[in-house]
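Good morning, and thank you for joining this group meeting.

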Amino acid sequence: MIKAQHLTKRYGNLLAVDDLSFSVEAGKVTGFLGPNGSGKSTTMRMIMALDAPSSGTVTVGGHAFESLRFPLHEVGALLDATAAHPGRSARDHLNWLADSNRIPRARVSEVLGIVGLSEAAHRRAGVLSLGMGQRLGIAAALLGDPAVLILDEPINGLDPEGILWVRHLLRSLADEGRTVLVSSHLMAEMALTADHLIIIARGRLLSSGSVTDFIEQSGGHHTRVVTPDVEALRVLLRDKGATVFVDSAQELRVEGLESREVGIVAATAGLTLYELSTERASLEDAFIELTHGHADYRGAAEPLTASAT
Ligand SMILES: Nc1ncnc2c1ncn2[C@@H]1O[C@H](COP(=O)(O)OP(=O)(O)OP(=O)(O)O)[C@@H](O)[C@H]1O
Ligand SMILES: [Mg+2]
C-alpha cells in the first residue's frame, strides 16, 4: 500500500505536484495517468525518496522509504530505464544491485530469465535496444521480490509480445497480493491492464477510482444496430423513449435503451437485425474528456501547412 497525503513539489516557481493525496491498494494494478508534464514521474520519485517533497508525506507499507533497511525487498521501481551504467553488462548491473541489498546472485539469473534477457546478459547496458533496456529495468525492479512495484512507462519501446508479457506480469504480481503502480500513455493497454486509476493534471488529482466506473461515468454506452428496416425501427425505439441517431443507411445508434430491449422491440415487430451490440466509450475517450483543457503541452489542432507565398 502506498499512501500520499498532501504531497507537493515545487521547482522554483513551478508547482510540479500540487497537494496530491491518494492511496494505492495491494492486490490491484493501479494505472497512474496524466498528460505530459502533469507530475507522474515526480510523484514516483518522491515515493522512492529520490526527490524530497516540498510539503506533504508519502509512505510505502506505512513507512517512509528512507526508513526501509533493505529497500529493494520492499519496493521495486523502474523509473528511468537508462539508469544502468552503460559500460556494465546487464548481469553485472543486476549483480551490483543484488549485492548492495543482500540478495543472492541466483536471483539475478532468475530475473534475467523472467524478463527474457538470459541470452543478452553479457551485453553492455549501453548497447541494449530501447525495449531490452526496459526489460533490464523491470528485472531490477523484480530483483528483491518486493511487495510494492512502481513502474514509470514500462511498456515504452516494447514490441507487441513484450507489451502482452508486461500485461500478464503486472496482472500476476497484483494477483499475488502485491501493490502495483504503473504509469503509461497507452490508454488501450491501460484499459486492459489496470483495475484502478489515479488521474492527475498539472500536479493535481482529477479522478481516482475503478476503470469501469471511470469509463461508465464519462462516456457511458450506447446500442448499435444494423438493420435493413432503419426507419421502422427508429420510430418504434423513439416511441419507447430512446434517443435514436441514424448513422448510415442501415445503421442506428440508440441511447437510453439497452441492446436487450432493442432486440425485443425488433423481434416483437418482426424486424430483421443484422447486428446488435453495446458500444462502450473507450478509456482514451474518457481520459481526453476529463483532461481536456488541463494539459500543459498540446499539439496544434490542425496540421501545420506551409503558408502561401
Ligand atoms: N528536476 C527538475 N527541475 C525542474 N523542473 C522539473 C524537474 N523535474 C520535473 N520538473 C517539471 O515538473 C513537471 C512535472 O514533470 P514530470 O516529469 O513529473 O511529468 P510527467 O507527468 O512524468 O510527464 P511525462 O508524461 O511527460 O513523463 C514538468 O513541468 C517538469 O518540467
Ligand atoms: Mg514521466
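First, the conventions. This is a predicted model, in which local features need pLDDT of at least 70 and side-chain atom pairs count only at pLDDT 80 or more, while totals for chains, interfaces and linings use all residues. Residues are numbered from 1 along each chain as its sequence is written, chains are lettered from A and ligands numbered from 1 in the order in which they are written, and side-chain values use heavy atoms, with hydrogens and water left out.

Let us turn to the chain as a whole. Its secondary structure consists of 11 helices and 13 strands; these are DSSP runs numbered from the N terminus, helices being H or I with at least four residues and strands being E with at least two. The C-alpha trace spans about 75 × 60 × 45 Å along its principal axes. Of the 309 residues in the chain, 44% are buried. Here, buried means under 20% relative accessible area, exposed means over 50%, and partly exposed lies in between, with a 1.4 Å probe and protein chains only.

How is the chain divided into domains? Domain 1 covers 2–216 and domain 2 covers 221–280, with bounds from an automatic or database domain assignment. The centres of domain 1 and domain 2, taken over C-alpha atoms, are 45 Å apart.

I now come to ligand 1. It is surrounded by 14 residues, of which the closest are Gly37, Lys40, Ser41, Thr42 and His185; a residue counts here if one of its heavy atoms lies within 4 Å. A backbone N or O atom of Gly37 is 2.7 Å from an oxygen atom of the ligand. From Lys40, a side-chain N or O atom lies 2.8 Å from an oxygen atom of ligand 1. For Thr42, the distance from a polar side-chain atom to a ligand oxygen atom is 2.5 Å. Taken alone, ligand 1 exposes 650 Å², and the protein buries 65% of that; these areas come from the Shrake-Rupley method with a 1.4 Å probe, and for residues only the protein chains shown count as cover. Two or more residues of the shell come from each of strand S2 (14–24) and helix H1 (40–47). Helix H1 gives the most, with 4 residues.

Lys9 is in strand S1, residues 2–11. Is Lys9 buried or exposed? Lys9 counts as buried because its relative accessible area is 10%. Its side chain reaches the backbone oxygen of Ala52 at 2.7 Å.

Glu110 belongs to helix H4, residues 106–114. With 45% relative accessibility, Glu110 is therefore partly exposed. The side chains of Glu110 and Arg107 are joined by a polar contact of 2.6 Å. A polar contact is a pair of N or O atoms within 3.5 Å; within protein, one must be able to donate a hydrogen and the other to accept it, and residues adjacent in sequence count only if both atoms are side-chain atoms.

Thr223 lies in strand S10, residues 221–226. Its relative accessible area is 1%, so Thr223 is buried. A polar atom of its side chain is 2.9 Å from the backbone oxygen of Leu257. Strand S10 pairs in the antiparallel sense with strand S12 (residues 251–255) over 4 bridges, and Thr223 stands opposite Val254 in S12. Strand S10 also runs antiparallel to strand S13 (residues 275–280), joined by 6 bridges, with Val225 opposite Leu276 in S13.

Thank you for your attention.

Terms used. Two strands pair if DSSP finds at least two bridges between them.
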